[in-house]
Amino acid sequence: MPTNYAEVEETLRRIQSQKGVQGIVIVNSEGIPIKTTLDNSSTVQYAGLIHQLVMKARSTVRDIDPQNDLTFLRIRSKKNEIMIAPDKDYFLIVIQNPSD
Amino acid sequence: MPMPNNTTAASTRKQKGAGAKSTKAASRKKDEEEGVEMVDGLDEAPVKPKDQLELSEAELKEEITRILTANNPFAPQNIVRYSFKERSYKSTSVVDQMAVHFVLEGNLLHQDSDEARRLRAKEGLFEETTVVDAEAEPEEEEPETPATPVEDGGDMEETGEDDRPDSVASKTDKKEPKLTNQFNFSERASQTLNNSLRDRCCQTEPPPRVTFSDTANQWKTYDMYEMETEKQEKNKDKQNATPKKENDNSKKKMMLIETQSDTITKVLKPAKILERMCNQNICDDIAQDFKYFEDVSDEFRDQKGTLLPLWKFHYEKAKLSVTALCWNKKYQDLFAVGMGSYDFSKQGHGMLVFYSLKNSAFPEYIYPTSSGILCLDIHELHSHLVAVGFYDGCVAVYNLKEEGQEPVYKSTAKTGKHTDPVWQVQWQNDDMDNNHNFYSVSSDGRVVSWTLVKNELVFTDIIRLSLNGAVSEGPEAVHEPIVVGGTSFDFHKHIDYLFLVGTEVGQIYKCSKAYSTQFLETYEAHSMAVDAVKWNHFHPKVFISCSSDWTIKIWDHTINSPMFTFDLNSAVGDFAWSPYSSTVFAAVTTDRTVHVFDLSVNKDQALCQQTVVSKKKTKLTHIDFNPVYPIIIVGDDQSCVTSLKLSPNLRRTPKGKKRQELPKGPETEVAKMEQLLRLLREPDPTTV
């Protein structure tokens with residue numbers, strides 16, 4: 001288990017150091033952010049809004065076929081890209097500016 | 001006014017004098033007459049008022065009839081009503097003639113009426129007989145009551161009387177009235193001390209409530225069903241397993257530990273996915289190239305091709321050279337890189353690293369090893385098993401599914417490890433006991449078969465390499481054969497027992513697994529060590545050997561001399577057949593170039609010769625083709641792996657007579673090769 005923890009930390013650190021990444025937020029299944037690299041207000045905003053979106057997206061996918069599940073969600077906007085990888089209990093949000 | 005009286009009175013008094021006939025005057029006259037009659041005794045002449053009507057004698061005698069009717073003189077006699085039926089005004093014939101002089105509403109009740117009964121019931125007086133003061137009462141009662149019989153009046157009187165002494169009468173019914181002394185009666189009362197009333201109430205804490213809302217979706221129902229089936233299966237297992245209490249305790253402990261570290265470790269999988277997504281974004285153009293780019297300029301290049309550089313995989317922590325490359329057959333984006341050192345003097349640790357094309361920044365799996373890796377092979381069917389050969393002579397098997405950095409199996413000095421570096425390992429089909437096994441060749445001259453039996457590696461010497469060919473193991477050996485180190489080997493794709501071994505001195509032996517003492521054939525191939533020897537994927541007879549003597553030679557194993565020889569101007573590190581064509585192969589040399597050959601297109605020259613790495617000192621060490629995608633990976637001695645995409649010219653499939661694509665089967669490849677060989681067997685063998 002401790003190696004797993006270190007591995008996770010290492011992976012998150014690598015993502016943070018990737019080109020163009022602005023921030024990472026880890027949110028639990030209730031929409032409460034657990035870990036973040038952004039400031040408080042942005043974190044809360046992202047967590048709340050994206051949580052609803054992920055729930056909706058997942059519900060949509062599973063309604064069509066219950067054996068299917070959402071793997072990831074990408075929202076590309078003019079200024080940046082929000083990438084969300086959902087899990088059973090958590091989901092991870094990364095905001096990246098791909099054109100940097 | 002009584003008219004007839006008037007006339008009679010008048011007629012009687014005709015004699016006396018003129019009598020007024022008018023009504024008004026009649027009353028006066030009567031009075032006067034009465035007055036007169038009273039005064040008759042006085043015997044005076046009647047006094048005539050001054051305004052009396054003067055009438056003649058004839059008029060005085062006139063009889064005027066007066067009728068007495070019961071009509072109401074004030075009742076209207078000409079009421080006209082509009083009749084809607086006849087749509088005109090009609091006079092009503094009948095008019096009410098009643099004249100009401102006086103009305104008074106009384107409050108007497110009939111004794112048998114409902115209201116009277118109710119009142120009586122209220123007062124509780126039944127059959128009360130009291131002395132009725134009959135005379136006093138009727139006077140007090142109103143005389144004008146609408147049609148009440150005398151009895152009723154009496155009854156009413158009774159009730160009326162009852163009303164007055166009501167309180168007294170009621171008390172007589174119940175108890176003796178209190179007789180109070182008028183003189184010194186004093187009433188005393190006392191009040192008891194009443195306990196003050198207290199209101200005691202208790203409020204309980206409301207049970208904790210949680211508002212719950214949810215949507216019943218199809219997938220939620222599905223999830224619940226899945227959970228239920230899991231629970232049922234677990235219950236079945238529990239019933240089968242024996243001690244339950246111990247399990248619970250251990251489970252509780254496990255749960256505690258898990259919850260502490262669970263929070264962040266569960267994020268591992270999404271974190272990995274996200275890392276890949278980030279990388280995809282960053283290397284977006286590379287990914288697009290990989291998938292879709294086809295070099296159009298190849299049409300103008302006259303059969304030459306190019307290699308488009310894609311991702312670079314570099315693990316900074318390892319300052320080693322890439323010594324082995326292998327693609328994973330099952331997950332075609334995963335490849336293994338073995339790192340070590342070819343330098344005899346600089347032997348140190350090694351590393352086994354797995355990369356995925358989806359994430360070029362960081363390896364998927366990292367296994368540090370104590371000794372440099374020289375070769376590796378991934379099992380074709382069980383792609384989680386990796387066989388590795390080390391510089392110190394050990395072989396090991398790693399299981400990617402297991403957690404931990406140690407190999408699952410490792411050979412030691414006891415279990416027959418090689419005494420010299422292991423140059424090549426290769427998995428074989430499972431043996432008859434369904435155990436996995438692989439072969440290794442080493443500089444100590446042995447080709448060894450290792451079998452994974454339960455937890456051990458069991459080795460079997462297959463053959464010993466010697467210069468003289470035949471090796472006799474028995475004590476009858478006349479002279480000690482000179483052992484020759486093997487540097488590479490390859491097993492035939494279809495013929496299971498047949499394999500080739502390349503040696504340090506440049507010879508290639510064709511051997512069979514069945515014969516451990518003799519070689520089937522010996523080829524004098526090269527002047528220096530044979531770095532690699534590989535069978536053609538399609539054609540059963542063709543193989544290639546490459547060597548540090550700068551040459552690549554193509555052989556037909558039935559013929560003792562090579563069919564093709566290519567001189568590449570630099571030591572050839574490695575080469576690989578392409579999986580899609582029988583005539584295409586690629587080789588890397590130490591001068592940083594990759595050479596791609598297609599024999600069906602050009603028998604003499606390479607289709608592509610391209611420097612792949614920028615730094616001048618790097619040497620390319622290994623090359624491998626991806627089984628499905630048109631890319632190759634090239635390893636160098638700076639621990640960097642470069643991936644390159646083959647341009648269309650290098651991927652040509654043979655076209656049929658009518659310019660149609662022939663079906664891509666191994667038969668066509670074989671046919672292609674056969675064609676080549678036939679050309680060679682004809683008079684002019686081409687050599688460069």
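A residue counts as buried when its relative accessible area is under 20%, as exposed when it is over 50% and as partly exposed in between, with a 1.4 Å probe and protein chains only. Of the 100 residues of chain A in this predicted model, 44% are buried. The model is predicted, with local features needing pLDDT of at least 70, side-chain atom pairs counting only at pLDDT 80 or more, and totals for chains, interfaces and linings using all residues. Residues are numbered from 1 along each chain as its sequence is written, chains are lettered from A and ligands numbered from 1 in the order in which they are written, and side-chain values use heavy atoms, leaving out hydrogens and water.

Chain A holds two helices and five strands, in the order α-β-β-α-β-β-β along the sequence. Helices (H or I, at least four residues) and strands (E, at least two) are DSSP runs, numbered from the N terminus.

In chain B, strand E13 (residues 437-442) is mostly covered, with six of its six residues buried. In a regular strand, side chains alternate between the two faces of the sheet. Asn437(B), Tyr439(B) and Val441(B) are buried on one side of E13(B), and Phe438(B), Ser440(B) and Ser442(B) on the other.

Two strands pair if DSSP finds at least two bridges between them.

| Partner of E13(B) | Sense | Bridges |
|---|---|---|
| E12(B), residues 422-428 | antiparallel | six bridges |
| E14(B), residues 446-453 | antiparallel | five bridges |

Tyr439(B) stands opposite Gln426(B) and also opposite Ser449(B) in E14(B). The hairpin of E13(B) and E14(B) has three residues between the strands, and Gly445(B) there takes a positive phi near 85°.
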